[in-house]
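Please read them with the structure open.

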Amino acid sequence: MSIRIATLGALWLAGLLVAASPRAHALNVDKYPELQGLIAEMADQYGFAPQTLRKTFRCVQIRPEIIEAMERPKELLPWYEYSNIFLTEESVQRGARFWKQHEAALTRANEEYGVPPEIIVAILGVETQYGRNTGNIAILDALTTLTLKYPSRAEYFRRELTEFLLLARELDINACRFKGSYAGAMGLPQFMASNYRRFAVDFDANGTRDILESPGDAIGSVAVYLKEHGWEAGAPVVDDANLEGTRYFWIEKLGIKPALPVRQLAHYGIFPRRHENAERRAALISLEGEYGPFYRLGYNNFYVITRYNHNKRYAMAVYELGERIRQRMDSKTSP
């Protein structure tokens, strides 16, 4: 979700590692110059009352276990272990049920934004098991802890804390009541506050942009996010790759953003299974099989999925889960 943290994918599982702990004594803002500066900034730039913000921060608990969870992201697992978390029969069954239950919204999202239902459903499956596990950590705890105690990403989380306070005011909800992941993401699609404010839509037309409770709004919001990040309607996501020689290693080093057209990859011994568009740019994606690496070609739409979570394993899990769910849906509608 344009979020530069590897932990955002799989939060439905990783959130379970951080058990909710009892509320401790109120946080003393005077002990934290960073928070004093933030409060002054919010008052000056956005018209917040300083005493109101001080009262809000009194509900915060600094939680060291959040930092511990940030240090062990699931995306660091090899693919053959990571994929087993998400590519399960249970997840496919639930995904098919979710698709059937919300078929009208998924069809409309596809028509309006060009994002196929299986991709939207799979993202919601990987993120929160279709809304079953949206996180039980106080968002204020998460964002404040990470702002104060996670220096490598403190600036990013300070911005998200600012966005979150603005979001709570816009939604007219007590900021202390928001629950989500240990990284501060929330709702069915696990949007950070900045992405909630920018991309969430009232897709069910009830007057509220509610990705916390509304599957329809979550579906539309995921589609908007992917479209805004460059999703190409009807374009491929991934293809199998046949490799010859050893020169393909140079292409792998270019990363996950498609850099060269398919026709040039042949010079490096890389040949796609399909040959639909020789000018389409692709990246060589390596994944860890149980008995060694294997390779895929990732096109623009694969890269767009990594804008949701900047990790190739996450994007491949979304693609593979979506394919399995779509095949399940197709088998149910076959004569």
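**Notes on the predicted model**

1. Y156 has a relative accessibility of 10%, so Y156 counts as buried. The ring centres of Y156 and F157 lie 4.9 Å apart with the planes at 75°, so the two rings make an edge-to-face pair. Y156 also has a charged neighbour: the charged end of R153 sits over the Y156 ring, 4.7 Å from the ring centre.

2. In total the model has 14 aromatic pairs. Ring pairs also link F191, F199, Y225, Y308 and Y314 into a cluster. Another charge-over-ring arrangement involves R169, which lies over the face of F48 at 4.1 Å from the ring centre.

3. Which residues does T162 touch, leaving aside those up to four places away in sequence? They are L38, E41, M42 and Y46. T162 is in helix 10 and is buried, with a relative accessible area of 7%.

4. The model contains 1 disulfide. This bond joins C59 to C176, with an S to S distance of 2.1 Å. The torsion about the S-S bond of C59 and C176 is about -95°, so the disulfide is left-handed. The bond links distant parts of the chain: C59 is in the loop between helix 3 (50-57) and helix 4 (64-70), C176 is in the loop between helix 10 (154-171) and strand 2 (179-180), and the two cysteines are 117 residues apart. C176 is partly exposed, at a relative accessible area of 23%.

5. For the open sheet, the order of the 5 strands is 4-6-7-3-5, and the pairing is antiparallel. Strand 4 (260-261) and strand 5 (270-272) stand at the edges with a single partner strand each, so one side of each has no neighbour in the sheet.

6. How many bridges join strand 6 to strand 7? There are 7, and the two strands run antiparallel. One of the bridges sets L287 against its partner F294 in strand 7. Strand 6 and strand 7 are joined as a hairpin through 2 residues.

7. On the strand 4 side, 2 bridges join strand 4 to strand 6, again in the antiparallel sense. L260 has A282 in strand 6 as its bridge partner. Strand 3 (residues 238-243) pairs with strand 7 (residues 292-298) in the antiparallel sense over 3 bridges. D240 stands opposite R296 in strand 7.

8. Why is strand 6 described as largely enclosed by the rest of the structure? Of the 9 residues of strand 6 (residues 281-289), 7 are buried, so the description follows from that count.

9. In helix 7 (residues 103-113), the buried residues are A105, L106, A109 and Y113. Seen down the helix 7 axis, these buried residues fall within an arc of 100°, so they line one face of the helix. In general, an α-helix has 3.6 residues a turn, so residues three or four places apart point the same way.

10. The buried residues of helix 7 are covered by parts that include helix 6, helix 8 (117-128) and helix 12 (215-228). The face of helix 7 turned away from its buried side carries the exposed residues A104 and E111. Just after helix 7, G114 takes a positive phi of about 80°.

11. R97 lies in helix 6 (residues 89-101). With a relative accessibility of 49%, R97 counts as partly exposed. The C-alpha atoms of R97 and M329 are separated by 9.0 Å, although these residues are 232 residues apart along the chain.

Notes: Residues numbered from 1 in each chain as written. Predicted model: local features only at pLDDT ≥ 70, side-chain atom pairs only at ≥ 80, totals over all residues. Heavy atoms only, no water. Disulfide = S-S within 2.5 Å. Helix = DSSP H or I, 4+ residues; strand = E, 2+ residues; numbered from the N terminus. Buried < 20%, exposed > 50% of the residue type's maximum accessible area, 1.4 Å probe, protein only. Pairing = 2+ DSSP bridges. Phe/Tyr/Trp six-rings, centres within 6.5 Å; stacked < 30°, edge-to-face > 60°. Lys NZ or Arg CZ within 6 Å of the ring centre and 35° of its normal. Contact = heavy atoms within 4.5 Å. Arc of directions from axis to C-beta.
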